[in-house]
Amino acid sequence: MTSPSAPEMADHVAQLLDDRLRLRGSGLAEKLQNGGRKVPAKLRDAAQQVLISAEMAQNPRLLPQIDQAALTRAYDTCLAHLGGIGRTDRRRAAWSRFGTSVLLSTAAAVALFVTVLVWRGFL
């Protein structure tokens, strides 16, 4: 099995950014630019390195200057980060955080109410 070329890697990372983080744009550069807070710094740096390598691969004179080991590490970093994130998992985590917040707020309000009742001598 051959390893994908730099432009193929950039296209794959762009597709994963669209699928996993719902970043819109026509290419990897535009998706990274529009990503904002959704893209962590480590992922942004790795994707930027893949993008630069893909741009260098378009020019035959610059093609030998691409560091394949660094490109592969950056690509693997992108795949590792984007592979574990799914829409369902993010939605489930958001609902879990919301439910936990509501539960803790309700428990704190009940505890405060009971404390006031005990303090006033009703209980």
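Leaving aside neighbours within four places in sequence, S53 is in contact with A6, I66 and L71, contact being heavy atoms within 4.5 Å. S53 is found in helix α3; helices here are DSSP runs of H or I, at least four residues, numbered from the N terminus. S53 is buried, at a relative accessible area of 8%; buried means under 20%, exposed over 50%, and partly exposed in between, with a 1.4 Å probe and protein chains only.

This is a predicted model, where local features need pLDDT of at least 70, side-chain atom pairs count only at pLDDT 80 or more, and totals for chains, interfaces and linings use all residues. Residues are numbered from 1 along each chain as its sequence is written, and side-chain values use heavy atoms, leaving out hydrogens and water.

Next, the core. The largest nonpolar core has 25 residues, and V13, L17, L21, L28, L43 and V50 have the most contacts inside it. Such a core is a set of buried Ala, Val, Leu, Ile, Met, Phe, Trp, Tyr and Cys residues joined through side-chain atoms within 4.5 Å. Two or more residues come from each of α1 (6-21), α2 (28-35), α3 (41-57) and α4 (68-83). The largest share, eight residues, is from α1. Beyond its neighbours within four places in sequence, V50 touches M9, A10, L28, L71, A74 and Y75.

Last, α5. This helix has 34 residues and reaches 49 Å from first C-alpha to last, close to the 50 Å expected at 1.5 Å a residue, that is, 1.5 Å times one less than the number of residues. V110 sits in α5, residues 87-120, and counts as partly exposed because its relative accessibility is 46%. Just after α5, G121 takes a positive phi of about 90 degrees.
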